[in-house]
Amino acid sequence: MHIKIVMIAITLLSMWAMNAQERIPEVEALLQKMTLEEKIGQLNLLTPGGGVATGEVVSKNVEAKIKAGQVGGLFGVAGPDKVRVAQELAVKESRLGIPLLIGSDVIHGYKTTYPIPLGLSSSWDMELVEQAAQMAAKEATADGINWNFSPMVDIARDPRWGRIAEGAGEDPYLGSKIAEATVKGYQGNDLAATQTMLACVKHFALYGAAEAGRDYHSVDMSKIKMFNQYLPPYKAAIDAGVASVMTSFNDVDGIPATGNKWLLTDLLRNRWDFDGFVVSDYTSLNEMIAHGLGDLQAVSALALKAGLDMDMVGEGFLTTLKKSLEEGKVTEEDITSACRRVLRAKYQSGLFEDPYRYLDGNRPEKDILTKENRALARKLAAHSFVLLKNHQNILPLKKNKKIALIGPLADSRNNMLGTWAPTGDVKLAVTIREGFNNVAPNASIQYAKGANISDDPEFAKHVNVFGPRIEIDERLPEDMLKEAVDLAKNSDVVVAVVGEATEMSGEAASRTDLSIPKSQKKLIKALIETGKPVALVLMSGRPLTIPEEYELPVAILQVWHPGVEAGNAIADVVFGDYNPSGKLTATWPRNVGQIPIYHSVKNTGRPAPESEEFQKFKSNYLDSPNSPLLPFGYGLSYTTFTYSNLRLNKTTIGQNESISATVTVANTGDYDGEEVVQLYLRDVVRSITPPKRELKGFQKILLKKGERKEVTITLAPDDLKFYNSQLDFVAEPGEFEIFVGTDSNAQLSKTFNLK
């Protein structure tokens with residue numbers, strides 16, 4: 001009995017110590033002064049409109065609500081002067097003068113946009129990823145913004161889902177490294193510094209696994225799959241100190257994420273020790289009504305009890321929590337705890353010390369769209385491109401050639417920035433035509449559109465919600481095609497810029513057909529028939545299905561949507577001023593029927609033969625190989641690399657020991673180049689079925705022509721661990737196999753044993 005009492009006392013003391021540690025005296029003093037209504041007001045996030053919204057709701061009577069202390073933050077407002085007006089309403093005209101958080105979606109750059117996140121992830125360069133986030137934070141804070149709804153770290157293995165463009169692809173290890181680097185870049189070492197901002201990891205959780213690749217759709221998976229494959233990047237962001245978390249639109253274990261107590265409290269706070277605040281996505285609280293969880297009062301109470309702290313736009317908290325308190329559906333401590341977390345973030349941002357710290361009117365001109373920023377954006381773009389094929393070394397082009405620059409995306413300023421670039425200005429984007437003229441002024445460059453992105457006006461209408469992305473020419477398709485073919489025949493080489501318009505991927509841009517649109521397929525075929533060398537510059541926000549194009553005698557350079565310096569960066573690579581070094585971070589399927597397809601698949605009890613020769617009663621297709629068109633980690637260079645002499649520093653290790661793999665990499669081609677050396681691990685026997693192989697390390701290196709280098713990658717003890725059926729993070733004794741090479745099909749291998 002005495003032991004039980006002591007244990008209870010220890011538990012209570014530990015809970016008190018934890019709560020005491022979280023509490024900031026200035027915040028606690030403020031909470032003592034606040035009315036219930038003012039506490040609820042801090043949980044309300046509104047938008048005055050004017051920006052890109054992800055729903056139909058725009059807040060009303062915002063000014064009056066700020067004065068009444070009914071608003072904790074705003075988004076959709078930017079610029080020192082405009083933000084100052086809003087901040088002064090809060091600081092000078094509300095009773096307690098609590099400053100506002102000012103949020104924004106700064107997904108891949110602020111004004112100086114750089115490649116979409118899927119593109120940037122293809123650089124496999126964590127230093128560049130961090131620099132990109134630092135630049136974005138510097139520009140956004142110069143415009144008065146102190147909170148960023150980024151990074152999006154959702155693992156995505158279904159390219160039908162348009163928001164694959166916003167994340168780092170399919171792999172939890174790489175995704176975790178990118179999550180960590182991005183949070184560091186946004187937040188730095190001091191949240192109160194005027195060039196750092198609060199980051200918000202999203203979408204918690206599992207949003208990238210939406211059924212059928214359809215946005216906002218249901219998600220259903222086992223806890224083992226969650227912990228081993230989908231949750232690690234969120235956890236990495238939490239461990240990196242991310243200040244806030246945004247909930248996802250989907251359900252998790254049958255309960256919408258915004259009202260899911262297991263997700264927001266049991267996992268996020270209790271297991272992962274997250275001490276920041278949680279915000280809903282745009283009206284995701286209200287959308288729990290459509291999910292079937294009750295009326296607005298019911299779902300608001302459910303969300304608060306689950307661990308949601310701030311309600312984006314829907315105002316369910318503002319309009320129902322007082323009534324729910326009176327009816328005993330929530331407690332005042334529930335409201336106070338949520339308010340405390342929001343106030344703590346404001347305190348950590350230095351807003352109580354100086355509410356106007358981000359409102360220096362001199363900063364926009366000094367810090368936004370500078371020459372240095374644009375140079376970095378150009379570098380980031382060039383490093384993101386992936387050379388998929390280079391038939392007869394068509395690329396790089398010589399700068400004195402007669403070039404036919406053809407395609408609907410070759411001179412399309414509206415399609416350079418990429419999806420979710422609401423703060424960017426398309427008018428400032430460099431087109432590919434302009435980039436070619438800038439980089440190769442002595443080349444003879446002639447342009448023809450050749451085709452529309454799509455000839456389907458109904459499809460174009462769906463895509464053009466945010467402005468003209470697919471513009472259907474007044475000329476007949478036949479006339480445009482003839483112009484392009486004639487131009488090609490009179491040139492030395494053809495560069496055809498084809499693929500997706502900006503908003504053919506992104507939020508609410510799911511597709512069931514991932515091939516290049518028919519209008520452009522026809523153009524490509526006609527250009528090949530001229531007999532001229534053809535380089536395809538492929539632009540998209542997702543992996544595409546290009547088996548037909550891949551079989552053609554062409555070069556294919558995948559450039560994603562590269563941002564404001566698109567044209568210059570593409571020209572840098574096409575003309576050889578930079579040797580492409582990007583590697584795919586999402587597998588490219590042969591056809592939509594293979595989806596979902598990813599490198600870390602598990603074996604079955606009836607695996608298909610390695611030769612992929614069809615065998616009945618094996619796990620294969622009647623009409624397609626199991627293998628993808630292009631594997632995870634794939635990417636060519638203008639030079640060639642060879643791997644040899646893989647060795648391990650040990651053959652047997654203990655539970656808490658590291659192990660190192662060393663390989664010799666040689667540049668055996670004609671150009672200096674960068675290579676991403678990749679290490680994959682196979683756990684041969686496990687208590688739960690293991691993947692065939694998992695990425696567990698990588699290193700990007702520069703090798704001069706003819707140079708060779710010894711590359712060592714070390715596996716830490718945690719790299720051998722996984723979550724077992726009890727969700728314990730363990731490494732089990734037994735045999736492991738290491739593979740090292742240029743992509744996920746790496747062939748060099750060695751084995752070791754864990755005691």
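Okay, let's start inside: the lining of the largest cavity splits into 17 nonpolar, 6 polar and 4 charged residues. For that count, Ala, Val, Leu, Ile, Met, Phe, Trp, Tyr, Cys and Pro are nonpolar, Asp, Glu, Lys and Arg are charged, and the others, Gly among them, are polar.

Quick housekeeping. This is a predicted model, where local features need pLDDT of at least 70 and side-chain atom pairs count only at pLDDT 80 or more, while totals for chains, interfaces and linings use all residues. Residues are numbered from 1 along each chain as its sequence is written, and side-chain values use heavy atoms, with hydrogens and water left out.

Back to that cavity. On a 1 Å grid over the protein atoms alone, a cavity is a set of points where a 1.4 Å probe fits but cannot get out; a pocket is an open set with protein on both sides within 12 Å along at least five of seven lines; and lining residues have an atom within 4 Å of a point. Grid points are joined across faces, edges and corners, and a volume is the space filled by probe spheres set on the points.

The largest cavity comes out at about 260 Å³. Its lining has 27 residues, with Pro117, Pro151, Met152, Ile178 and Thr182 nearest the centre. Which helix gives the largest share of that lining? That's α8, with 5 residues. Helices α6 (117–121), α7 and α8 (172–187) each put in at least two; helices here are DSSP runs of H or I, at least four residues, strands are E runs of at least two, and both are numbered from the N terminus.

Searching the whole structure turns up 5 cavities of 30 Å³ or more.

Now the open side. The largest pocket has a volume of about 1,100 Å³. Of its 33 lining residues, His599, Val601, Glu610, Asn626 and Lys692 lie nearest the centre.

On to the packing. A nonpolar core means buried Ala, Val, Leu, Ile, Met, Phe, Trp, Tyr and Cys residues joined through side-chain atoms within 4.5 Å. Buried is under 20% relative accessible area, exposed is over 50%, and partly exposed is in between, with a 1.4 Å probe and protein chains only. The largest core has 171 residues, and Leu74, Trp147, Phe204, Leu231 and Phe436 touch the most other members. Helix α7 (residues 126–142) is the top contributor, with 10 residues. A second, separate core has 45 residues, including Trp161 and Trp560.

Last topic, rings. There are 19 aromatic pairs, meaning Phe, Tyr and Trp rings (six-membered ring for Trp) with centres within 6.5 Å; planes under 30 degrees apart are stacked, over 60 edge-to-face, the rest tilted. Trp560 and Trp588 have ring centres 6.3 Å apart and planes at 70 degrees, so that pair is edge-to-face. Both of those Trp residues are buried.

Compare Phe736 and Phe752: centres 5.4 Å apart, planes at 10 degrees, so they're stacked. Phe736 sits in strand β25 (residues 734–741) and Phe752 in strand β26 (residues 748–754), so the pair ties together parts 16 residues apart in sequence.

And one aromatic cluster to look for on screen: Phe75, Trp147, Phe149, Phe277 and Tyr282.
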